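Visitor: I would like to learn how to read a structure of this kind, one feature at a time. Could we go through it together?

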Amino acid sequence: MAINQINPNKLLLSKWTSTSPQQKEKHFIVTKLIRDEENTVVECVLEAVINKNQYCFPWQTLASPDNWLHGWK
């Protein structure tokens, strides 16, 4: 499967579907981008739609189609 092509600067408010949902958390929306001193996106905050739980991790994680699908599926 091809890697998800991602422009980190366009991630804000994008929608994602987890391929292995935990605690019924399947659909997510990117609510925040975390940038370094050079204004480069280094991490993103994903919020679960079902319960508003938030998770922060490197944006490159979303590039793995084994874990994430772009959009709500």
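Guide: What follows is a short walk through a predicted model, from the fold to the cysteines.

Visitor: What does the secondary structure of the chain come to, and what pattern does the chain follow along the sequence?

Guide: The chain has zero helices and five strands, and read along the sequence this gives the pattern β-β-β-β-β.

Visitor: What radius of gyration would a compact globule with 73 residues have, and what does the chain have?

Guide: A compact globule with 73 residues would have a radius of gyration near 11 Å, and the chain, at 12 Å, agrees with that. Taken along the principal axes, the C-alpha atoms fill a box of roughly 35 × 30 × 15 Å.

Visitor: How many of the residues count as buried, and which part of the surface belongs to carbon and sulfur atoms?

Guide: Of the 73 residues, 34% count as buried, while the accessible surface comes to about 4800 Å², with 53% of it belonging to carbon and sulfur atoms.

Visitor: How many disulfides does a search of the whole structure find?

Guide: A disulfide is a covalent bond between the sulfur atoms of two cysteines. The search of the whole structure finds zero disulfides; for C44, the nearest cysteine sulfur is that of C56, 7.1 Å away.

Technical notes:
Residues numbered from 1 in each chain as written. Predicted model: local features only at pLDDT ≥ 70, side-chain atom pairs only at ≥ 80, totals over all residues. Heavy atoms only, no water. Helix = DSSP H or I, 4+ residues; strand = E, 2+ residues; numbered from the N terminus. Rg over C-alpha atoms; globule rule 2.2 N^0.38 Å. Buried < 20%, exposed > 50% of the residue type's maximum accessible area, 1.4 Å probe, protein only. Areas by Shrake-Rupley, 256 points an atom, 1.4 Å probe, with all protein chains shown as cover. Disulfide = S-S within 2.5 Å.
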